[in-house]
Amino acid sequence: MRQYGFCYYRRHFGKKIVDREDITASTKSEESAAKIKEKLGIACSTDNRETAKHSDMVFLAVKPQFLEDVIAEIKDVLGSDQVIISIAAGKTMSWLEERIGGDRKIIRTMPNTPALVGEGITGVCRNALVEEKELEEALVLLRSFGRAEVVTEPMLDVVGAVSGSSPAFVFMFIEAMADGAVAEGMPRKKPMNLRHRPFWAVQKWSLRQGCIRASSRIWCAHRQVPLLKGWAFWSKRACAVL
């Protein structure tokens, strides 16, 4: 079970969406199973087949390179009434249907790393066999650690590029801003609040507006800082670090 699996279960329990006795998990080693039992208080074993066989919803929370082997192991115990949810990047619906079976209910998802702190955004698509009620039940679980949006499968690649990669871009920009400030003589610890708080505020602002507008950028530049002068500074200092 990947780190995302831990995240899912913690959030489910924290929001009281699922009772512990209603969840079973499986993992690669006895050591990992013992750790999961201790940390999450759920049943956990190394038997993928037994775990999958008795579940209404089966989360395939393994790394993409291991997914085909896991599917081959559990395929013949999966029923047509079960919903299989994959979080494996790059594994398309046609790939999943070919290996699990075209008569199986499958939901493909693309989460991002902020899910680990309950602020994720997950792209979701389903195959034709998943009923609306089943999709809604899956969305309740997926929204326990952030937001989830239903999209067409081609858009999942866009979701991966935008919401999946953007946290890394933001961290790179924050780090570059801090390095630029340090280069100008500011102590390394000092920029923490100065660099993090604006990102939090801008996110809140843009969500309230419902979109990102050029007018917001212009308003900030006019009311608070000379934008061109600030951009010149960071182009010289911060962007050079990138």
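## Terms and basis

Buried means under 20% relative accessible area, exposed means over 50%, and partly exposed lies in between, with a 1.4 Å probe and protein chains only. This is a predicted model, in which local features need pLDDT of at least 70 and side-chain atom pairs count only at pLDDT 80 or more, while totals for chains, interfaces and linings use all residues. Residues are numbered from 1 along each chain as its sequence is written, and side-chain values use heavy atoms, with hydrogens and water left out.

## Salt bridges

The structure holds 7 salt bridges, each being a side-chain nitrogen of Lys or Arg within 4 Å of a carboxyl oxygen of Asp or Glu. One of them joins the side chains of Asp76 and Arg49 at 2.6 Å, N to O. Because Asp76 lies in the loop between α4 (64–74) and β4 (83–86) and Arg49 lies in helix α3, this pair ties together parts that are 27 residues apart in sequence; helices (H or I, at least four residues) and strands (E, at least two) are DSSP runs, numbered from the N terminus. Asp76 is exposed, with a relative accessible area of 57%, whereas Arg49 is partly exposed at 33%.

Another salt bridge links Arg99 with Glu68, whose closest N and O atoms are 3.1 Å apart. Arg99 belongs to helix α5 (residues 93–100) and Glu68 to helix α4, so the pair ties together parts that are 31 residues apart in sequence. Arg126 and Glu132 also meet through their side chains in a salt bridge (2.9 Å, N to O), and salt bridges that share partners join Glu68, Glu98 and Arg99 into one network.

## Strand β6 and its neighbours

Strand β6 (residues 120–126) is mostly covered, since 5 of its 7 residues are buried, but Arg126 is partly exposed, with a relative accessible area of 34%. Strand β5 (residues 105–110) pairs with β6 in the antiparallel sense over 4 bridges, where pairing requires that DSSP finds at least two bridges between two strands. Ile107 stands opposite Arg126 in β6.

With strand β7 (residues 146–150), β6 pairs in the parallel sense over 5 bridges, and Gly123 stands opposite Glu149 in β7.

## A negative surface patch

Asp47, Glu50, Asp69 and Glu73 form a negative surface patch; patches are made of residues with over 30% relative accessible area and no salt bridge, like charges being joined within 9 Å and nonpolar side chains (Val, Leu, Ile, Met, Phe, Trp, Tyr) within 5 Å. Glu50 is found in helix α3 (residues 48–53) and, at 41% relative accessibility, counts as partly exposed.

How values were computed. Accessible areas come from the Shrake-Rupley method with a 1.4 Å probe; for residues, only the protein chains shown count as cover. Lys and Arg count as positive and Asp and Glu as negative; His and the chain ends are not counted. The place of a charge is taken as NZ of Lys, CZ of Arg, CG of Asp or CD of Glu.
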